[in-house]
Every structure is written in structure tokens, then in C-alpha cells.
Amino acid sequence: MEEDTDYRIRFSSLCFFNDHVGFHGTIKSSPSDFIVIEIDEQGQLVNKTIDEPIFKISEIQLEPNNFPKKPKLDLQNLSFEDGRNQEVNTLIKYTDGDQNHQSGSEKEDTIVDGTSKCEEKADVLSSFLDEKTHELLNNFACDIREKWLSKTELIGLPPEFSIGRILDKNQRASLHSAIRQRFPFLITVGKNSEIVVKPNLEYKELCHLVSEEEAFDFFKYLDAKKENSKFTFKPDTNKDHRKAVHHFVNKKFGNLVETKSFSEMNCSAGNPNVVVTVRFREKAHKRGKRPLSECQEGKVIYTAFTLRKENLEMFEAIGFLAIKLGVIPSDFSYAGLKDKKAITYQAMVVRKVTPERLKNIEKEIEKKRMNVFNIRSVDDSLRLGQLKGNHFDIVIRNLKKQINDSANLRERIMEAIENVKKKGFVNYYGPQRFGKGRKVHTDQIGLALLKNEMMKAIKLFLTPEDLDDPVNRAKKYFLQTEDAKGTLSLMPEFKVRERALLEALHRFGMTEEGCIQAWFSLPHSMRIFYVHAYTSKIWNEAVSYRLETYGARVVQGDLVCLDEDIDDENFPNGKIHLVTEEEGSANMYAIHQVVLPVLGYNIQYPKNKVGQWYHDILGRDGLQTCRFKVPTLKLNVPGCYRQILKHPRNLSYQLMEDHDIDVKTKGSHIDETALSLLISFDLDASCYATVCLKEIMKHDV
């Protein structure tokens with residue numbers, strides 16, 4: 001796959017705002033040289049220990065007797081009683097536990113016609129429905145089935161039948177199950193306590209692939225949700241037909257069940273037959289064994305905590321926590337992304353986990369260089385951008401003067417820091433926004449998603465670098481074969497995102513629809529991250545063009561923010577002002593008030609050369625008609641405004657000789673007289689310390 005180098009402005013080529021000389025140095029010699037601490041909306045560092053009680057057991061534990069009990073129904077014995085319809089004798093092919101499919105003469109769970117077992121117990125439907133409603137329901141069911149058997153197409157909207165309003169919640173739940181068990185070719189939906197019955201169009205679709213007997217049995221199995229049970233379709237020697245069955249079940253019910261093929265011998269013919277077996281997916285809480293107190297009906301539990309991680313990618317940390325807690329990565333929310341090669345502290349909230357349970361895994365996660373503290377119950381999740389900023393404590397080692405610079409190094413360092421402290425730095429998005437890949441960057445994936453090129457986005461995501469390691473060998477194999485299952489066996493376990501995509505591709509196929517499902521295997525925050533990477537790259541290019549074209553002057557057609565107190569990107573359109581010719585000539589505004597739009601559907605463009613530049617770039621990238629919404633992936637990109645200059649706050653620094661500080665670099669010899677710079681500062685949300693340091697040092701960091 002070719003690199004997009006013809007128009008890419010690399011991070012190293014972005015322009016500077018200040019005119020000092022700068023100096024050389026090394027950052028991130030070890031994670032402890034780069035410490036990031038999130039600042040919450042109240043202006044507090046999140047690594048500070050909260051004095052209030054962390055959690056109260058009495059608030060989160062309930063006595064089992066407080067839970068409403070649903071009446072247990074024996075739904076396996078329900079069947080047709082309507083005389084107009086032939087009774088269906090069904091041999092259900094699902095078994096308890098890990099038992100294999102057995103023939104009809106052997107012992108197995110079966111659902112038989114109603115006349116044998118229904119006589120032993122009262123009809124559940126009759127116990128809830130009056131005689132007239134029961135009869136009308138039977139007639140509706142038979143009408144639907146007769147039309148399907150006669151190949152008559154249902155014209156217009158599917159017919160509906162209303163059972164009426166059932167106020168008791170437990171009765172409604174029982175009725176829903178009873179109707180679907182009695183008539184698997186029907187579905188039930190709830191509308192304000194009313195139960196409405198409709199034809200099950202997925203049942204009809206499955207009947208095109210398998211016999212009606214199998215479809216009937218399959219939907220009864222599906223609705224019963226019998227734990228540890230399996231369902232087996234009839235033996236099938238046609239591989240393409242089995243593949244179609246796999247695809248149907250996984251596409252429609254992949255979040256609930258999984259399918260596999262197994263060979264069995266046909267004794268009479270000696271030919272191997274293959275059966276498609278369906279089983280329910282293991283529930284997340286089964287893996288994590290969440291206690292009863294975490295499953296309160298109608299109430300979602302949110303637990304806030306501070307996460308400390310060292311030299312660990314944030315999404316890898318979340319994936320590990322999710323496994324240990326028995327939840328999924330999308331149950332975690334956070335205010336912002338954090339560096340990998342660093343020690344970082346950030347606020348997080350996890351759903352469906354109690355504070356007590358989170359405390360129970362503290363020892364386990366220490367092995368992964370993670371700690372959790374400030375654990376407490378809260379009322380809601382976090383959202384991206386819900387922070388005031390970040391505090392940085394950074395050590396820059398191996399300080400040197402620029403080539404051919406004869407000035408004193410200490411003076412150069414002090415000059416550079418004071419310059420940026422006073423004048424600020426260009427507020428570029430940092431290189432970590434775009435990934436470290438040389439062939440493919442995250443913004444290219446985002447562009448493909450905006451253009452609804454789902455398959456291209458998958459291939460970009462799985463494009464290997466020119467490195468011979470297990471990850472890149474697996475990616476290379478996939479691009480050569482598109483064999484998701486084989487690639488999964490090669491992909492290391494720690495590559496959580498790659499494996500999630502591959503598992504979905506294995507289930508749904510390498511088709512446009514399969515690729516959409518694969519992207520849905522990643523949390524929304526991860527999907528939108530790629531789109532934001534593209535819009536961030538365009539903003540970086542835009543601010544470079546703006547400064548090269550107009551410099552530090554504020555000119556006609558510029559956009560400025562009228563609110564001096566806003567310190568993030570959430571400028572309302574009402575606070576954005578278009579500079580007039582008179583205002584530009586009178587120098588009414590300062591350069592630090594100028595903002596540029598981050599692409600989206602709810603922004604305005606500058607009315608000067610920069611605005612035309614934006615339109616040219618959209619044309620270049622094929623986005624002239626883009627609405628910045630990707631409905632297939634549930635992505636909406638409203639856009640925002642970003643100040644072109646930012647200032648570090650609370651900046652302090654100290655020059656020290658390396659033998660005076662803790663040196664943790666491995667395998668390197670350090671001159672005893674080498675200088676290191678200890679620098680601390682705060683930045684607003686969505687500002688990058690590496691960008692600030694680049695402006696100070698006038699050197700790539």
C-alpha cells in the first residue's frame with residue numbers, strides 16, 4: 001500500500017511562532033521523566049487523595065429479598081391449539097452443557113406437541129388472556145402462517161395485533177415469552193405497557209435457508225435463552241449453504257450467540273456430514289462473577305476512580321481492566337487520552353461495577369504497572385473533554401546547544417522558556433494524535449471512514465510496517481489472504497483492537513457489511529478517534545497556512561473568539577466573530593484571539609484566503625459534499641474552534657546536573673557534567689506538552 005506522502009505535512013515541518021534559537025535535548029528517556037496528571041473541572045489534580053469516605057457498603061448492597069421475583073414458567077410445553085393449523089411435531093436439537101447432538105431415539109431435551117404435556121399444566125396464555133383475546137391471537141398467528149405457506153407476500157406495513165395494556169411488569173414479561181414460545185414466527189414489542197404482536201420476518205428469512213421445522217425450533221431455542229444449551233441444525237454437506245446459515249445467524253444474532261461447524265459420520269453412506277451448531281455466548285458477568293448487588297434492576301452503577309499507569313497504552317489498560325472486572329471496554333469512560341511512554345494519572349468511570357469490586361482487583365493490576373485509587377460511587381459517566389487540563393512534570397536530558405551556536409547553553413535555555421511563557425506556542429495537535437506508523441497514519445483511516453469506505457479503512461488499519469515481528473507478520477498475512485481466522489491465530493493477545501476487528505471479520509465476513517460490524521466491535525470513542533485524527537491533521541495544515549500567509553496580524557475575514565475566559569475548544573458559534581475590514585485595519589484584535597475551525601457540520605469558515613484553502617483541501621480529499629456524519633457507524637462530527645496560540649500556565653523550571661537527579665536511562669553512558677532540565681507547567685485540555693516543548697527547544701522531541 002502506497003504512502004500518502006504527496007500532501008502530508010509531517011509534524012517535523014510545522015512552523016514556529018517565536019524567533020529564539022533553542023537547544024537540543026532528549027525527553028522520555030524513561031517513563032518517570034514524563035509525568036502527566038489530569039486537572040479536573042474544579043481545578044484539582046486527580047492524583048490527590050480524596051478525604052471523603054471512598055465508598056459505603058450499605059449504599060450498594062441490597063438484601064436478596066428486596067428483588068422482585070418473576071414467576072417461573074415451563075415454556076417448553078407450549079404449542080398450537082388452533083384446530084385450523086396442523087400441529088408441529090418438533091425434535092429440538094439443543095442439549096444441556098457440552099453434550100453433543102444426539103439422534104431422536106436417544107435421550108435429549110425435546111419440545112413435543114401440545115396435547116401430551118399441556119394437559120398436565122395450565123396453559124400460560126389462557127391464564128393471562130381472556131378467551132376472546134386468546135382466540136383472536138390464535139387466528140392472527142394462523143393467518144400469518146397460512147400466508148407464508150401459500151407464498152403470499154405481505155404488502156405494505158406488516159400486520160399487527162394488540163394484546164392490550166398489561167400493567168403488571170412481571171405479567172408482561174411472562175406474556176412476551178409465552179407468545180414467542182408458542183408462535184416462534186411472531187415477535188412481540190412493548191409500547192407503554194401495551195404488547196403488540198407482529199410477524200417475525202427473520203423467521204421467514206431463515207425458512208429460505210433451512211426447513212420450517214428447523215426455523216421453528218431455532219427461534220424457540222433462541223427465546224428460551226437456556227443457559228449452557230446448544231442448538232444443532234440438520235446435517236448439511238453443502239459448504240456454501242452452511243456458510244449462508246452461519247452468516248445469517250451471526251448477522252442477526254451475533255451479539256447473543258455464536259456458531260461453529262462440526263463433522264459427524266453418516267454410518268449408512270460412510271460420508272462425513274457437517275452440522276452447524278449454535279450456542280449462547282458466555283455472559284461478561286459470568287467471567288467476572290459480578291455479585292448480585294451489581295445487577296440492581298433499573299439502576300446502573302457508576303464507579304469513579306483515578307487510574308495511574310506506567311509505560312502502558314490507555315486502550316491496553318482499559319482492555320485489561322475490562323477482563324478483570326467482567327465488563328467490556330465501552331463500559332469505561334474518560335475525559336482524555338494519555339501518553340504511553342509516561343507515568344499518567346487520569347480520572348475514569350466504569351459502569352456496572354461497584355467500588356468494592358474494583359478494590360478487589362488492586363493487587364492483580366499492579367503486575368501491569370497500574371494502580372487505582374480515589375474509588376467512589378458517582379451518578380454518571382465521564383465524557384471526552386470533561387477536564388480543565390493537564391499538569392506536566394518533565395525531565396529533558398542530554399542538553400546541548402544548536403549546531404554552530406556559540407552562546408551560553410544556560411542562557412539559551414532561559415531565553416527559550418521565557419519567550420514561550422510570554423508569547424505562547426502554536427497550538428498544533430501533537431504527533432501522538434496520528435500514530436507512529438510510517439506507512440499508515442490514523443488520519444488516513446479517519447478519511448476513509450468519512451467517505452464510507454469501510455473496507456479500505458479496515459485494510460489501512462491492518463496494513464503492516466516494514467518490520468519483522470509477530471504483529472506485522474500477522475497484518476501482512478491478512479492483506480495477502482483476507483483470512484481473518486488465520487490472522488487471529490497469528491495476532492498476539494495484547495493487540496486488543498486488532499483482535500476485536502479480526503474476530504468480527506471472522507464472524508461476519510470480509511464484506512462491506514462485515515467491515516461495518518467489525519468497526520462496531522470497537523467502542524464509540526475509538527471509532528470517533530480516527531475521524532478526529534483526520535480533522536486534527538487538516539487543522540494543523542490550516543494553522544501553518546494561516547501563519548505563513550498572514551503572520552501575527554489579525555486580518556479581515558479572520559475568526560476571533562470574543563470570550564476571553566473560554567479555555568477549551570467548545571466555543572459556541574455565538575462567541576465567534578468575523579473580523580471586518582475596518583476592525584482589521586484598526587488592529588482591534590490580538591493574534592491570541594484568532595481561532596480556526598476543526599472540520600465538522602456546525603462550523604463556519606474564515607472569509608479570506610484561509611477559508612478558500614479549507615474548500616480546496618476538502619476538494620482534494622473528496623469531501624466536497626461530506627456532511628461529517630457516518631450513520632452506519634453512529635458517528636457525528638459537529639466540529640469546533642481551536643485557538644491558534646496557547647500559553648503554558650504555572651510554568652517553573654530548574655537546571656541540574658544529572659548526578660543530582662534520579663537517572664533511570666538503561667544501557668546509556670551519561671557524562672557526569674551533563675545538564676538536565678526539570679520543567680513543570682499546566683496546559684488546557686487538548687493541548688500537547690510535546691508541541692510546547694518543540695516550540696521551546698526549536699527541535700524535534
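How far is the sulfur of Cys692 from the closest cysteine sulfur? The separation is 9.1 Å, to Cys687, which is too far for a bond. A disulfide is defined here as a pair of cysteine sulfur atoms within 2.5 Å, and a search of the whole structure finds zero of them. Cys687 is accordingly in no disulfide.

The model is a predicted one, in which local features need pLDDT of at least 70 and side-chain atom pairs count only at pLDDT 80 or more, whereas totals for chains, interfaces and linings use all residues. Residues are numbered from 1 along each chain as its sequence is written, and side-chain values use heavy atoms, with hydrogens and water left out.

The protein has 701 residues, of which 50% count as buried. Its secondary structure comprises 23 helices and 23 strands, taken as DSSP runs (H or I, at least four residues, for helices; E, at least two, for strands) and numbered from the N terminus. Among contacts, meaning heavy atoms within 4.5 Å, those between residues 24 or more positions apart make up 74% of the contacts with a separation of 6 or more.

Phe140 and Phe161 are stacked, because their ring centres are 5.8 Å apart and their planes lie at 25 degrees. Since Phe140 belongs to helix α4 (residues 131–149) and Phe161 to strand β3 (residues 161–165), the pair ties together parts 21 residues apart in sequence. Phe140 is buried at 11% relative accessibility, and Phe161 is buried at 13%.

Tyr429 and Tyr688 form an edge-to-face pair, 6.3 Å centre to centre with 70 degrees between the planes. Tyr429 lies in the loop between β14 (425–426) and α14 (442–450), and Tyr688 in the loop between β23 (675–684) and α23 (689–697), so this pair ties together parts 259 residues apart in sequence. Both Tyr429 and Tyr688 are buried. Elsewhere, one aromatic cluster has among its members Phe183, Tyr203, Phe233 and Phe280.

Charges also sit over rings, a term requiring NZ of Lys or CZ of Arg within 6 Å of the ring centre and within 35 degrees of the ring normal. Lys368 lies over the face of Phe320 at 5.4 Å from the ring centre, and the charged end of Lys629 sits over the ring of Tyr601, 4.6 Å from its centre.

Key:
Rings of Phe, Tyr and Trp (its six-membered ring) pair if their centres lie within 6.5 Å; planes under 30 degrees apart count as stacked, over 60 as edge-to-face and the rest as tilted. Buried means under 20% relative accessible area, exposed over 50%, partly exposed in between (1.4 Å probe, protein chains only).
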